[in-house]
Amino acid sequence: MEGPCHGVMFAEFIMNVEKRQAWDPQIENVCEMYPVYDLDTANIAMGFGKFGDCCKLGVGYTKTKAHPIGISPREQLTLCGIQKFDDGSALMWGTEMEEWHDHLLPEGERLTRAKSHLFSVALVPTGENKFDVEYILQLDFGGNLPHWMTAPLVLDSVKNMFSVAQPWLKGGEGSEVEQYLKETKALEESFDDRNSILFTP
């Protein structure tokens, strides 16, 4: 793809409900319900750089609309994170929370639970302002739906994401991308936004 290789920014196409709805018409809601703020402690638990620098971590919720072919709405509760690496690459990952975590789901009527056994998006720089993307999703839609029915839906959805993301990433001067990168750089140059047991006021 053409554009900046930036994991947190790319994740906006998956976790920001407005950006997600631009390519996934089945999305009713997607949000980060339980963010982990102490990323330094998270990195200690992950072995300090063994798996890159964890720059985002939390539990997210996804709710879909009913599909026109007769699939009822689904919901998910997923532990997700973003790791960034010294070579400029990034890895977004996620896995479904267990059923004993159901108390973390938002209040309201429970829907059929879809489960992402494995989700990952790897971004690897290949040149100036260019990068490759590897998208992996092992998804169980729930409700005993056959694979031959659901696989094409997932494939079409992912293709839509790339078709929407590419022109946005190539935004250029004065674009939302440029503004986002400026704001991110300013934050990274300050410790003010990083909460940790390792820093005391």
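**Salt bridges in a predicted model**

Across the whole structure, a search identifies 8 salt bridges (a side-chain nitrogen of Lys or Arg within 4 Å of a carboxyl oxygen of Asp or Glu). This is a predicted model, in which local features need pLDDT of at least 70 and side-chain atom pairs count only at pLDDT 80 or more, while totals for chains, interfaces and linings use all residues. Residues are numbered from 1 along each chain as its sequence is written, and side-chain values use heavy atoms, with hydrogens and water left out.

**View 1. The salt bridge between E176 and K19.** The N to O distance is 2.8 Å. E176 belongs to helix 5 (residues 176–188) and K19 to helix 2 (residues 17–21), distant parts of the chain 157 residues apart. Helices (H or I, at least four residues) and strands (E, at least two) are DSSP runs, numbered from the N terminus. K19 is buried at 16% relative accessibility, whereas E176 is partly exposed at 47%. Buried means under 20% relative accessible area, exposed over 50%, and partly exposed in between (1.4 Å probe, protein chains only).

**View 2. The salt bridge between R110 and E75.** The closest N and O atoms are 2.8 Å apart. R110 lies in the loop between strand 4 (90–96) and strand 5 (112–113), and E75 in strand 3 (residues 74–84). E75 is buried, with 2% relative accessibility; R110 is partly exposed, at 38%.

**View 3. The salt bridge between K115 and E99.** Here the closest N and O atoms are 3.2 Å apart.
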